[in-house]
Amino acid sequence: MLSLESIRFAFGEIQLLDGVDLDIGEQERIGLIGRNGAGKSTLLKIVAGRVSADEGRIRVRHGVRIAMVEQEPVIDPDKTVYETVAEGLGEISRLLEDYHHTSTRLAQTPDDTRLLERLHRLQAELEACDGWQVGHRIDNVITRLRLTPDIRAGALSGGQRKRLALARTLVGEPDLLLLDEPTNHLDIDTIAWLEELLLAFRGSLLFITHDRRFLDAVATRIIELDIGRLYSYPGNFSDWQRRKSEQLEIEMRHEAAFDKLLKQEEAWIRQGIKARRTRNEGRVRRLEALRRERQLRRQRLGQASLDIYTGEQSGRLVAELEHVSHAWDGQPLIRDFSTRIMRGDRIGLIGPNGCGKTTLLNIILGRLQPDEGRVRAGTRLTVAYFDQFREQLDDDATLIEAVAGGSDHVQIGDKRLHVIGYLGRFLFAPQRARDRVGMLSGGERNRLLLARLFTQPSNVLIMDEPTNDLDIDTLELLEATLMDYTGTVLLVSHDREFIENTCTQVIAFEGDGRLREYAGGYDDWQRHRQQQAGKQDTAPTTGQAKSPARRRRGTQRLSYMEQRELDALPGEIEGLEAELQALGERLNDGRLYRDDPDAARELQQRYTQLQREVDARMARWEMLEAKQQSLTDG
């Protein structure tokens with residue numbers, strides 16, 4: 001249907017696309033993944049013809065219709081849903097909109113002969129251009145996407161506006177549909193509905209998303225954009241993870257041999273005057289090439305580094321809610337809900353947009369008093385709060401000011417770090433440290449808020465929609481960081497995989513203010529939900545396609561980052577235990593306390609810190625081992 005050949009595109013000095021090739025066939029569903037800022041949206045716009053490439057060629061088969069739904073679609077707030085959807089039909093939309101308005105007014109004033117005459121005239125014009133068939137398409141799309149035709153677009157929620165933009169695109173029956181972050185701002189039920197809609201779509205899809213379960217359910221091919229180059233993998237996200245893991249293992253073996261060769265060449269070049277007399281220029285040039293390749297590899301493998309500093313341990317009870325009820329504008333959000341949150345709990349809040357999840361967080365934090373009931377807070381609580389609207393960030397502040405208040409250093413526990421180096425852990429280049437917050441993309445703003453949040457000691461971590469706009473690498477790293485966190489976590493997210501991987505308990509908003517607790521993560525809640533609805537998870541008959549959920553369970557495994565972490569943990573634990581043993585021997589020497597009491601205190605602090613690190617890594621290793629075993633058994 002469409003081919004890209006040697007596409008190049010630069011943004012300033014950054015080469016986003018460096019000789020990209022891509023073929024899109026009929027009825028393909030291609031998931032485009034890559035780091036924030038890698039150029040994914042730019043590539044989509046080039047395919048859509050909205051941006052011109054600096055170099056390269058685009059071939060489109062004759063008659064292929066391409067349509068795109070952007071991440072933040074532009075919609076006229078004064079137009080109705082019907083008018084907005086009709087825009088997707090081009091010139092014929094004017095006749096349909098006029099007919100729709102006239103028929104609506106005639107229904108209100110049926111005796112108006114002028115309206116009746118106008119309606120007859122519009123009917124004749126629509127019949128002449130086969131407009132009735134097109135009009136039925138508008139009605140069908142509006143019905144399928146669960147929209148109300150006469151509501152103004154400005155009155156819709158963020159998720160409804162996403163559905164409206166999709167309806168406007170689908171009514172034109174494109175052959176190739178381009179979607180940029182279609183799941184952003186959608187709740188879990190709407191994401192599941194969108195999966196079904198796209199699986200039934202007859203054309204081809206090219207879509208950007210960081211929702212791993214969405215990729216698993218919808219994609220038939222994964223393409224990864226990395227340092228300007230495009231890599232293609234057949235299958236869904238789970239298939240990509242397996243292939244990526246295998247590829248990384250091969251790369252690690254290659255890099256070990258590469259590093260050995262580089263070390264030999266570096267040693268040879270430093271042998272002094274004797275070596276300089278005998279060396280040849282070809283070997284020198286090879287060493288320079290090796291150094292350049294090494295630098296490129298470091299750029300490619302750049303990885304965020306997240307650490308949360310847990311402050312003083314909280315009391316055993318974090319919060320207790322007794323018969324709490326709360327309403328907003330007469331609508332019950334929480335009805336007679338009681339719960340106890342204990343130290344170390346990891347609780348995910350699940351429910352549709354606007355159901356009251358953020359309200360419950362504010363009640364737990366004491367920022368909002370409930371209409372009825374009692375809330376008791378625990379002792380020694382130190383709360384770090386990640387808000388979904390990023391209101392803690394000042395657009396006019398620099399990155400340094402946002403994280404360190406203008407200071408050159410940040411204090412993380414007993415470590416004092418230079419702010420430039422600390423920002424580098426969150427993938428911000430040194431030259432960007434004085435950029436304004438307002439210049440950042442959505443994913444970069446999220447990373448900055450995480451950087452700011454993790455400078456604060458905390459024993460209770462509240463995260464309201466932390467996953468929006470984060471790329472898959474950072475999502476998986478954040479999951480691992482939260483698993484190492486020894487405090488209490490309260491999490492609101494519509495990312496099903498993120499909830500499954502981080503939460504041990506779920507509070508679900510089940511409508512009409514009813515809240516219910518479930519042990520386990522997202523999958524456990526889903527099983528309970530299906531059982532309550534009387535659904536049975538029966539095996540498909542011969543020749544019947546497996547459901548996305550069943551297909552995913554068949555291919556589920558540790559992510560490649562988790563597998564690498566699991567492989568590395570035994571060695572890390574062994575190294576820490578060796579250091580611990582050496583410290584213990586020094587501390588057993590009574591002369592240390594007599595001759596250098598200050599050093600003894602420092603060694604005791606280090607010994608305590610090492611014990612905590614060993615315990616944390618052992619717990620993480622046991623968790624990953626158990627998860628791997630359960631996936632293997634499943």
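The exercises below, each with a worked solution, concern backbone angles, aromatic pairs and charges over rings in a predicted model.

Residues are numbered from 1 along each chain as its sequence is written. Because the model is predicted, local features need pLDDT of at least 70 and side-chain atom pairs count only at pLDDT 80 or more, whereas totals for chains, interfaces and linings use all residues, and side-chain values use heavy atoms, with hydrogens and water left out.

**Exercise 1. Locate Gln 27 and Glu 181, and determine whether each is buried or exposed.**

Most residues other than glycine have a negative phi. Gln 27 has a positive phi, near 55 degrees, and Glu 181, which is not a glycine either, has a positive phi of about 50 degrees.

Next comes the location, for which strands (E, at least two residues) and helices (H or I, at least four) are DSSP runs numbered from the N terminus. Gln 27 lies in the loop between strand S2 (14-24) and strand S3 (29-34), while Glu 181 lies in the loop that runs between strand S6 (176-180) and helix H7 (188-199).

The last step is accessibility, where buried means under 20% relative accessible area, exposed over 50% and partly exposed in between, with a 1.4 Å probe and protein chains only. Gln 27 has a relative accessible area of 58% and is therefore exposed, whereas Glu 181 is buried, at 5%.

**Exercise 2. Classify the ring pairs Tyr 233 with Trp 240 and Tyr 422 with Phe 426.**

Rings of Phe, Tyr and Trp (its six-membered ring) pair if their centres lie within 6.5 Å, and planes under 30 degrees apart count as stacked, over 60 as edge-to-face and the rest as tilted. The count under this rule is 6 aromatic pairs. In one of them, the centres of Tyr 233 and Trp 240 are 6.4 Å apart and the planes stand at 90 degrees, so this pair is edge-to-face. Tyr 233 is buried at 7% relative accessibility, and Trp 240 is buried at 1%.

For Tyr 422 and Phe 426, the centres are 5.3 Å apart with the planes at 65 degrees, so this pair is edge-to-face. Tyr 422 is buried, with a relative accessible area of 2%, and Phe 426 is buried, at 2%. To complete the picture, Tyr 233 and Trp 240 belong to one aromatic cluster with Phe 237.

**Exercise 3. Find the rings over which the charged ends of Arg 367 and Arg 447 sit.**

A charge sits over a ring if NZ of Lys or CZ of Arg is within 6 Å of the ring centre and within 35 degrees of the ring normal. For Arg 367 the ring is that of Tyr 385, with the charged end 4.4 Å from its centre. For Arg 447 the ring is that of Phe 428, and the charged end is 5.1 Å from its centre.
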